[in-house]
Amino acid sequence: MNLDFDLSVATNYHSNAQRARVLTEDWIANNMYCPRCGSVRLTHLKNNQKVADFCCPSCKNEFELKSKSGKLSSKMNDGAYSAMIERITSLNNPDFFFLSYDKEKARVVDLMFVPKYLFVPQVIEKRKKLSDDARRKGWVGCNILLNSIPSQGRITIVHNGNVIEKEDVLSAVAKARPLQVQDITSRGWLFDVLNCVNALPQVFSLSDVYKFTEVLQAQHPDNNHIEAKIRQQLQLLRDKGFLQFLGNGMYRRL
(Lines give C-alpha, C1' and ligand atoms only; values in the text may rest on other atoms or scores of the structure.)
Protein backbone atom coordinates (compact mmCIF):
# COMPACT_ATOMS: atom_id res chain seq x y z
CA MET A 1 0.00 0.00 0.00
CA ASN A 2 1.55 3.25 -1.22
CA LEU A 3 0.41 6.12 1.04
CA ASP A 4 1.44 8.88 -1.41
CA PHE A 5 -1.13 10.57 -3.63
CA ASP A 6 -0.69 10.59 -7.40
CA LEU A 7 -0.67 14.37 -7.95
CA SER A 8 -0.89 13.98 -11.72
CA VAL A 9 -4.60 13.07 -11.53
CA ALA A 10 -5.49 16.52 -10.10
CA THR A 11 -3.50 18.78 -12.43
CA ASN A 12 -6.64 20.05 -14.19
CA TYR A 13 -8.44 20.96 -10.94
CA HIS A 14 -8.01 24.32 -9.21
CA SER A 15 -10.54 24.13 -6.38
CA ASN A 16 -9.01 22.72 -3.19
CA ALA A 17 -12.17 20.72 -2.53
CA GLN A 18 -12.14 19.20 -6.02
CA ARG A 19 -8.44 18.38 -5.81
CA ALA A 20 -8.91 16.69 -2.43
CA ARG A 21 -11.83 14.64 -3.75
CA VAL A 22 -9.97 13.51 -6.87
CA LEU A 23 -6.74 12.68 -5.02
CA THR A 24 -8.39 10.72 -2.20
CA GLU A 25 -10.77 8.81 -4.47
CA ASP A 26 -7.92 7.93 -6.84
CA TRP A 27 -5.86 6.71 -3.88
CA ILE A 28 -8.65 4.41 -2.65
CA ALA A 29 -9.22 3.04 -6.17
CA ASN A 30 -5.53 2.19 -6.60
CA ASN A 31 -4.55 1.09 -3.10
CA MET A 32 -7.50 -0.16 -1.10
CA TYR A 33 -8.74 -3.73 -0.95
CA CYS A 34 -12.23 -4.77 0.14
CA PRO A 35 -12.25 -5.01 3.95
CA ARG A 36 -15.28 -7.24 3.75
CA CYS A 37 -14.00 -10.07 1.56
CA GLY A 38 -10.34 -9.21 0.89
CA SER A 39 -10.71 -8.62 -2.87
CA VAL A 40 -7.57 -6.82 -4.03
CA ARG A 41 -9.29 -3.82 -5.64
CA LEU A 42 -12.44 -1.70 -5.38
CA THR A 43 -14.32 -0.34 -8.39
CA HIS A 44 -14.74 3.45 -8.52
CA LEU A 45 -18.41 4.19 -9.22
CA LYS A 46 -19.65 7.01 -11.44
CA ASN A 47 -19.69 10.47 -9.88
CA ASN A 48 -23.48 10.71 -10.11
CA GLN A 49 -23.98 7.64 -7.93
CA LYS A 50 -26.34 8.84 -5.19
CA VAL A 51 -25.28 6.56 -2.34
CA ALA A 52 -21.77 5.18 -2.71
CA ASP A 53 -18.33 5.98 -4.18
CA PHE A 54 -16.91 2.45 -4.54
CA CYS A 55 -18.06 -1.12 -5.00
CA CYS A 56 -16.33 -4.45 -4.47
CA PRO A 57 -16.41 -6.44 -7.73
CA SER A 58 -16.41 -9.69 -5.75
CA CYS A 59 -18.88 -9.32 -2.86
CA LYS A 60 -20.74 -6.30 -4.37
CA ASN A 61 -20.56 -4.37 -1.10
CA GLU A 62 -20.60 -0.58 -1.52
CA PHE A 63 -18.49 2.05 0.23
CA GLU A 64 -18.55 5.79 0.72
CA LEU A 65 -15.41 7.85 1.35
CA LYS A 66 -15.20 10.78 3.78
CA SER A 67 -11.88 12.61 3.90
CA LYS A 68 -10.29 15.59 5.64
CA SER A 69 -6.94 17.32 5.88
CA GLY A 70 -5.02 16.72 9.11
CA LYS A 71 -5.74 13.87 11.50
CA LEU A 72 -8.99 12.05 12.17
CA SER A 73 -10.80 13.62 15.11
CA SER A 74 -13.84 12.71 17.15
CA LYS A 75 -16.26 13.98 14.50
CA MET A 76 -16.46 14.25 10.73
CA ASN A 77 -18.52 16.84 8.84
CA ASP A 78 -21.20 15.41 6.59
CA GLY A 79 -24.10 16.64 4.47
CA ALA A 80 -27.77 17.24 5.22
CA TYR A 81 -28.95 15.88 8.57
CA SER A 82 -32.32 14.59 7.34
CA ALA A 83 -30.75 12.80 4.37
CA MET A 84 -28.15 11.13 6.58
CA ILE A 85 -30.75 9.90 9.08
CA GLU A 86 -32.83 8.54 6.21
CA ARG A 87 -29.81 6.72 4.78
CA ILE A 88 -28.61 5.02 7.95
CA THR A 89 -32.12 3.74 8.68
CA SER A 90 -32.53 2.36 5.16
CA LEU A 91 -31.36 -0.88 3.59
CA ASN A 92 -29.04 0.69 1.00
CA ASN A 93 -26.64 2.54 3.29
CA PRO A 94 -22.99 1.85 2.30
CA ASP A 95 -20.04 1.10 4.53
CA PHE A 96 -17.75 4.05 5.22
CA PHE A 97 -14.07 4.85 4.85
CA PHE A 98 -12.82 7.80 6.92
CA LEU A 99 -9.52 9.12 5.57
CA SER A 100 -7.22 11.91 6.73
CA TYR A 101 -4.23 13.21 4.82
CA ASP A 102 -1.25 15.52 5.08
CA LYS A 103 -1.93 18.28 2.54
CA GLU A 104 1.70 19.42 2.31
CA LYS A 105 3.15 15.93 1.90
CA ALA A 106 0.20 14.74 -0.25
CA ARG A 107 0.09 11.56 1.77
CA VAL A 108 -2.46 9.49 3.69
CA VAL A 109 -2.19 9.79 7.48
CA ASP A 110 -5.14 7.74 8.78
CA LEU A 111 -7.74 5.42 7.29
CA MET A 112 -10.62 3.91 9.23
CA PHE A 113 -13.31 1.51 8.07
CA VAL A 114 -16.75 1.46 9.71
CA PRO A 115 -19.35 -1.12 8.59
CA LYS A 116 -22.80 0.28 7.85
CA TYR A 117 -24.45 -1.66 10.66
CA LEU A 118 -22.49 0.41 13.20
CA PHE A 119 -24.55 3.51 12.36
CA VAL A 120 -27.49 4.57 14.52
CA PRO A 121 -29.15 8.02 14.86
CA GLN A 122 -27.22 8.62 18.11
CA VAL A 123 -23.93 8.95 16.18
CA ILE A 124 -25.30 11.67 13.89
CA GLU A 125 -25.09 15.15 15.40
CA LYS A 126 -27.51 17.78 14.12
CA ARG A 127 -25.86 21.12 13.37
CA LYS A 128 -27.55 24.50 13.67
CA LYS A 129 -29.51 25.55 10.61
CA LEU A 130 -27.92 28.19 8.41
CA SER A 131 -28.96 31.78 9.03
CA ASP A 132 -31.41 33.66 6.85
CA ASP A 133 -28.62 35.62 5.15
CA ALA A 134 -26.74 32.46 4.15
CA ARG A 135 -26.80 31.24 0.55
CA ARG A 136 -28.59 28.05 1.64
CA LYS A 137 -30.64 29.59 4.43
CA GLY A 138 -32.39 27.14 6.70
CA TRP A 139 -30.21 24.21 5.59
CA VAL A 140 -29.33 21.81 8.43
CA GLY A 141 -26.11 19.81 8.22
CA CYS A 142 -24.71 17.11 10.47
CA ASN A 143 -21.55 15.65 11.96
CA ILE A 144 -20.69 11.97 12.30
CA LEU A 145 -19.58 11.37 15.89
CA LEU A 146 -16.87 8.78 15.35
CA ASN A 147 -16.15 8.35 19.06
CA SER A 148 -19.79 7.39 19.66
CA ILE A 149 -19.30 4.32 17.46
CA PRO A 150 -18.14 1.34 19.55
CA SER A 151 -14.39 0.84 19.21
CA GLN A 152 -14.99 -2.74 17.99
CA GLY A 153 -16.57 -1.27 14.85
CA ARG A 154 -13.92 1.36 14.12
CA ILE A 155 -11.46 -0.74 12.11
CA THR A 156 -8.03 0.89 11.67
CA ILE A 157 -6.34 0.37 8.29
CA VAL A 158 -3.75 3.15 8.46
CA HIS A 159 -2.80 4.85 11.73
CA ASN A 160 -0.49 7.86 11.86
CA GLY A 161 1.15 6.85 8.59
CA ASN A 162 1.57 3.18 9.55
CA VAL A 163 -0.24 0.50 7.55
CA ILE A 164 -1.99 -2.29 9.46
CA GLU A 165 -1.54 -5.80 8.06
CA LYS A 166 -4.41 -6.82 5.77
CA GLU A 167 -4.97 -10.07 7.67
CA ASP A 168 -5.40 -8.13 10.92
CA VAL A 169 -7.92 -5.77 9.29
CA LEU A 170 -9.97 -8.64 7.84
CA SER A 171 -9.88 -10.38 11.23
CA ALA A 172 -11.14 -7.24 13.00
CA VAL A 173 -13.95 -6.86 10.47
CA ALA A 174 -14.96 -10.51 11.01
CA LYS A 175 -14.94 -10.06 14.81
CA ALA A 176 -17.23 -7.03 14.52
CA ARG A 177 -19.76 -8.87 12.36
CA PRO A 178 -21.85 -10.22 15.30
CA LEU A 179 -22.73 -6.59 16.09
CA GLN A 180 -24.94 -6.57 12.99
CA VAL A 181 -28.50 -6.03 14.24
CA GLN A 182 -31.25 -5.19 11.76
CA ASP A 183 -33.65 -3.39 14.12
CA ILE A 184 -32.34 0.17 14.53
CA THR A 185 -33.69 0.59 18.09
CA SER A 186 -32.20 -2.70 19.29
CA ARG A 187 -28.95 -1.77 17.59
CA GLY A 188 -28.84 1.54 19.43
CA TRP A 189 -29.32 -0.12 22.81
CA LEU A 190 -26.64 -2.72 22.14
CA PHE A 191 -24.09 -0.09 21.09
CA ASP A 192 -24.88 2.26 23.96
CA VAL A 193 -24.31 -0.47 26.53
CA LEU A 194 -21.20 -1.65 24.69
CA ASN A 195 -19.80 1.89 24.86
CA CYS A 196 -20.40 1.83 28.63
CA VAL A 197 -18.60 -1.51 28.89
CA ASN A 198 -15.69 -0.17 26.82
CA ALA A 199 -15.27 2.66 29.33
CA LEU A 200 -14.75 0.17 32.19
CA PRO A 201 -11.71 -1.97 33.12
CA GLN A 202 -11.47 -5.30 31.33
CA VAL A 203 -12.95 -7.10 34.35
CA PHE A 204 -15.99 -5.32 35.77
CA SER A 205 -19.15 -5.92 37.76
CA LEU A 206 -22.82 -5.50 36.96
CA SER A 207 -22.95 -2.69 39.52
CA ASP A 208 -20.21 -0.91 37.54
CA VAL A 209 -22.48 -0.87 34.49
CA TYR A 210 -25.44 0.28 36.58
CA LYS A 211 -23.47 3.49 37.21
CA PHE A 212 -24.31 4.45 33.61
CA THR A 213 -28.07 4.24 34.33
CA GLU A 214 -28.59 8.01 34.19
CA VAL A 215 -26.62 8.29 30.95
CA LEU A 216 -28.64 5.50 29.34
CA GLN A 217 -31.89 6.96 30.67
CA ALA A 218 -31.06 10.26 28.95
CA GLN A 219 -30.32 8.38 25.71
CA HIS A 220 -33.53 6.34 25.95
CA PRO A 221 -36.06 8.53 27.80
CA ASP A 222 -39.04 6.33 26.88
CA ASN A 223 -37.64 3.29 28.71
CA ASN A 224 -38.48 2.98 32.41
CA HIS A 225 -36.61 -0.27 33.04
CA ILE A 226 -33.00 0.70 32.38
CA GLU A 227 -31.34 -1.82 34.70
CA ALA A 228 -33.33 -4.70 33.21
CA LYS A 229 -32.34 -3.49 29.74
CA ILE A 230 -28.68 -3.35 30.80
CA ARG A 231 -28.82 -7.00 31.94
CA GLN A 232 -30.46 -7.97 28.65
CA GLN A 233 -27.79 -6.23 26.57
CA LEU A 234 -24.95 -7.75 28.64
CA GLN A 235 -26.40 -11.18 27.92
CA LEU A 236 -26.56 -10.36 24.21
CA LEU A 237 -22.94 -9.16 24.23
CA ARG A 238 -21.96 -12.39 25.99
CA ASP A 239 -23.84 -14.49 23.41
CA LYS A 240 -22.17 -12.55 20.58
CA GLY A 241 -18.70 -13.24 21.99
CA PHE A 242 -17.77 -9.79 23.31
CA LEU A 243 -18.10 -10.61 27.02
CA GLN A 244 -17.36 -13.54 29.31
CA PHE A 245 -19.58 -14.06 32.36
CA LEU A 246 -17.38 -14.90 35.35
CA GLY A 247 -20.17 -15.48 37.87
CA ASN A 248 -21.33 -13.50 40.92
CA GLY A 249 -22.17 -10.49 38.76
CA MET A 250 -18.67 -10.22 37.27
CA TYR A 251 -17.77 -9.93 33.57
CA ARG A 252 -14.66 -9.87 31.42
CA ARG A 253 -14.51 -7.87 28.17
CA LEU A 254 -13.01 -10.03 25.43
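Q: What makes Glu64, Lys66, Asp78 and Arg87 a network?
A: These residues are linked by salt bridges. A salt bridge is a side-chain nitrogen of Lys or Arg within 4 Å of a carboxyl oxygen of Asp or Glu. The count by this rule comes to 10 salt bridges. This is a predicted model, in which local features need pLDDT of at least 70 and side-chain atom pairs count only at pLDDT 80 or more, whereas totals for chains, interfaces and linings use all residues. Residues are numbered from 1 along each chain as its sequence is written, and side-chain values use heavy atoms, with hydrogens and water left out.

Q: How do you know that Lys66 forms a salt bridge with Glu64?
A: The closest N and O atoms of Lys66 and Glu64 are 2.9 Å apart. The limit is 4 Å between a Lys or Arg nitrogen and an Asp or Glu oxygen, and therefore the pair qualifies.

Q: What makes the meeting of Lys66 and Asp78 a salt bridge?
A: The distance from N to O is 2.3 Å for Lys66 and Asp78, and the limit is 4 Å. This pair links distant parts of the chain, with Lys66 in strand E3 (residues 62–69) and Asp78 in strand E4, 12 residues apart. Strands are DSSP runs of E with at least two residues, helices are runs of H or I with at least four, and both are numbered from the N terminus.

Q: Why is Lys66 called buried?
A: Lys66 has a relative accessibility of 15%. Buried means under 20% relative accessible area, exposed over 50%, and partly exposed in between (1.4 Å probe, protein chains only). Lys66 therefore counts as buried.

Q: Which class do Asp78 and Glu64 belong to, buried or exposed?
A: Asp78 has a relative accessible area of 11% and is therefore buried. Glu64, which is found in strand E3, has a relative accessibility of 8% and is therefore buried.

Q: How do you know that the side chain of Glu64 makes a polar contact with the side chain of Arg87?
A: The contact between these side chains is at 2.4 Å. A polar contact is a pair of N or O atoms within 3.5 Å; within protein, one must be able to donate a hydrogen and the other to accept it, and residues adjacent in sequence count only if both atoms are side-chain atoms. The side chain of Glu64 also makes a polar contact with that of Lys66, at 2.9 Å.

Q: How are Arg238 and Asp239 classed by relative accessibility?
A: Arg238, at 37%, counts as partly exposed. Asp239, at 52%, counts as exposed. Arg238 and Asp239 form a salt bridge, with their closest N and O atoms 3.1 Å apart.

Q: Why are the buried residues of helix H2 (residues 81–88) said to be on the same side of H2?
A: The buried residues of H2 are Met84, Ile85, Arg87 and Ile88. They cover an arc of only 160 degrees around the axis, which puts them on the same side of H2. The arc is that of the directions from the helix axis to the C-beta atoms. The face turned away from the buried side carries the exposed residues Ser82 and Glu86.

Q: What covers the buried residues of H2?
A: The cover includes E3, E4, strand E5 (95–102), E7, E8 and helix H4 (184–198). Contact here means heavy atoms within 4.5 Å.

Q: How do you know that E4 and strand E8 (residues 141–145) pair?
A: E4 and E8 share 5 bridges in the antiparallel sense. Two strands pair if DSSP finds at least two bridges between them, and therefore E4 and E8 qualify. The bridge partner of Lys75 in E8 is Leu145.

Q: What makes strand E4 (75–80) and strand E7 (124–126) edge strands?
A: Each of E4 and E7 pairs on one side only. They belong to an open, antiparallel sheet of 3 strands in the order E4-E8-E7.

Q: How do you know that strand E2 (residues 54–55) is joined to E3?
A: The two antiparallel strands E2 and E3 are joined by 2 bridges, and at least two are needed for pairing. Phe54 has Phe63 in E3 as its bridge partner, and Cys55 stands opposite Glu62 in E3. E2 and E3 form a hairpin with 6 residues between them, and Lys60 in the turn has a positive phi of about 70 degrees.
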